[in-house]
Amino acid sequence: MSAALPFRLARATVFAVVCSGLAAVAHTFAGGSVTAPGLSAAFALALVAAFPLTARERTAAEIMPLLGAMQVLLHLLFSVLHVSSPERLAGHLHLPSLSMIVLHVWAVVVTGWWLGRGEELFWTLLRRLAGRIVPIMSLPRPLSVTAVPVLVEPVVVQSTSRHPVEGRGPPR
């Protein structure tokens, strides 16, 4: 199933929000700082990277490589923006520790799985709604509220007993 532009933008936006938000929270938690322009740049970068992949349904296995690459790029972006002088930049761009690599991999796997499940739910919902919405949209619209046809006629149920509470209570 192929997606139209509004759905593609919505899906890319969700990815960008999750990806840039995760990177910003992790960077701040690790002792760095994130500015509004830096977060905006991270969001724009993630949005541009995700948009080409939104043409069709993606699995978690297809989402994780992009998410991993974006985590590396956003880590570098936040590190560069955090440093005030070029001399200090060399000290910030060192090889990451094993714990940082493990945390990045864990974040990518968990977030990729979560986004993959969201994709699956989104497309399942669209498939289920498509069968119901298309026939409804093809019906002619009524001109006024009074012109709505009655599809179900009221049914009168007649009881065979004299008393509505008959048969309640302990057995005789």
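Predicted model: local features only at pLDDT ≥ 70, side-chain atom pairs only at ≥ 80, totals over all residues.
## Contacts and overall fold

Residues are numbered from 1 along each chain as its sequence is written, and side-chain values use heavy atoms, with hydrogens and water left out.

The protein chain has 5 helices and 0 strands, giving the pattern α-α-α-α-α along the sequence. Helices (H or I, at least four residues) and strands (E, at least two) are DSSP runs, numbered from the N terminus. Of the 172 residues in the protein chain, 22% are buried; buried means under 20% relative accessible area, exposed over 50%, and partly exposed in between (1.4 Å probe, protein chains only).

## What the UniProt record marks

An unreviewed UniProt entry carries the annotation "transmembrane region" for residues 12-30, 36-54, 66-85 and 97-116. UniProt positions are given in the numbering used here, feature names are shortened, and annotations may be inferred rather than shown by experiment.

In the model, residues 12-30 are 95% helix and 0% strand, with their end C-alpha atoms 27 Å apart. For residues 97-116, the figures are 95% helix, 0% strand and 28 Å between the end C-alpha atoms.

## The largest nonpolar core

A nonpolar core is a set of buried Ala, Val, Leu, Ile, Met, Phe, Trp, Tyr and Cys residues joined through side-chain atoms within 4.5 Å. The largest one here has 18 residues, and Phe 15, Cys 19, Met 70, Leu 74 and Phe 78 touch the most other members. Helix 1, helix 2 (36-50), helix 3 and helix 5 each supply at least two residues of this core, and helix 1 gives the most, with 7 residues.

Take Met 70, which sits in helix 3. Met 70 counts as buried because its relative accessibility is 2%. Not counting residues up to four places away in sequence, Met 70 touches Phe 15, Cys 19, Leu 45, Ala 46 and Ala 49. The C-alpha atoms of Met 70 and Ala 49 are separated by 8.2 Å, with the two lying 21 residues apart along the chain. As for Leu 74, its contacts beyond four places in sequence are Cys 19, Ser 20, Ala 23, Ala 42 and Leu 45.

## The second largest pocket

This pocket has a volume of about 320 Å³. It is lined by 16 residues, with Arg 11, Val 14, Phe 15, Leu 115 and Glu 119 nearest its centre. On a 1 Å grid over the protein atoms alone, a pocket is an open set of points where a 1.4 Å probe fits, with protein on both sides within 12 Å along at least five of seven lines, and lining residues have an atom within 4 Å of a point. Grid points are joined across faces, edges and corners, and a volume is the space filled by probe spheres set on the points.

Helix 1 (5-29), helix 3 (60-82) and helix 5 (98-138) each supply at least two lining residues. The largest share, 6 residues, comes from helix 1.

## Two more residues

Thr 111 lies in helix 5 and is buried, with a relative accessible area of 11%. Ala 30, in the loop between helix 1 and helix 2, counts as exposed at 62% relative accessibility.

Terms used. Contact = heavy atoms within 4.5 Å.
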